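Please have the sequence and the structure in view while I talk.

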Amino acid sequence: MSELTLTVMRLGFLAVLWLFVIVSIQVIRSDLFGTRVTQRTTRRADQRPAQRAQPQQPPQQGGGGRRGRGAGRNAPTKLVVSEGSLTGTTVALQGQTITLGRAHDSTIVLDDDYASSRHARIYPDRDGRWIVEDLGSTNGTYLDRTRLTTPTPIPLEAPIRIGKTVIELRK
């Protein structure tokens, strides 16, 4: 082999070795200090007035029964974190699916050792009720002290526990 080929191979090996060291340090750092929790409530609060006007139109058309997001006066309007590191965080319920977990693309990012990356989701059904579903998490999702095994409707102000975090649907 030529001297140039040998030098390029040495530099390539050195670069791969440093890349391995840097990635290893990042993994150790994230295990020690956890993931960064980002606040996303300000963007959703700006969207609330435009989307809240939509549920008022279907009842005027004379539709049959309870459908969609306008299920009545007892329908929840927000999801509130009542215990845990995100206490006080509020997400407006606008008919979209809310994901919970450690993953950065979750609607509510949980910085909790007992939460999975894709832990649970909360979504509306056709009758205007909100459903909570465990997404195969390791430590489980609890609705009012009962571990969830199937998608379950959420009563108003019933605690949903994921690790140390408690979430409630409120008016």
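Predicted model: local features only at pLDDT ≥ 70, side-chain atom pairs only at ≥ 80, totals over all residues.

Before I name any pairs, two strands are said to pair here if DSSP finds at least two bridges between them, and helices (H or I, at least four residues) and strands (E, at least two) are DSSP runs, numbered from the N terminus. With that settled, Lys 78 stands opposite Ala 92 in S2, and S1, which covers residues 78–83, pairs with S2 in the antiparallel sense over three bridges.

Residues are numbered from 1 along each chain as its sequence is written, and side-chain values use heavy atoms, with hydrogens and water left out.

In outline, the protein chain has three helices and eleven strands, and from the N terminus on the elements run α-α-α-β-β-β-β-β-β-β-β-β-β-β.

The pair I began with belongs to an open sheet of six strands, in the order S2-S1-S11-S10-S7-S8, with antiparallel pairing. Strand S2 (90–92) and strand S8 (146–147) stand at its edges, and because each has a single partner strand, one side of each is left without a neighbour in the sheet.

There is also an open sheet of five strands, ordered S4-S3-S5-S6-S9, and here the pairing is mixed. Its edges are S4 and strand S9 (152–153), each with a single partner strand, so one side of each lacks a neighbour in the sheet. Within this sheet, S3 and S5 run antiparallel and are joined by three bridges, with Arg 121 in S5 as the bridge partner of Thr 99. On the other hand, S3 pairs with strand S4 (residues 108–109) in the parallel sense over two bridges, and there Leu 100 has Ile 108 as its bridge partner.

Ile 98 counts as buried because its relative accessibility is 0%, where buried means under 20% relative accessible area, exposed over 50%, and partly exposed in between (1.4 Å probe, protein chains only).

A nonpolar core is a set of buried Ala, Val, Leu, Ile, Met, Phe, Trp, Tyr and Cys residues joined through side-chain atoms within 4.5 Å. The largest one has 22 residues, and those with the most contacts inside it are Leu 79, Ile 98, Leu 100, Ile 108, Ile 122 and Ile 154. At least two residues of this core come from each of S1, S3, strand S5 (120–124), strand S6 (130–134), strand S10 (160–162) and strand S11 (165–170).

Let me finish with the helical part of the chain. Ile 22 lies in helix H1 (residues 3–33), and Ile 22 counts as partly exposed because its relative accessibility is 44%.
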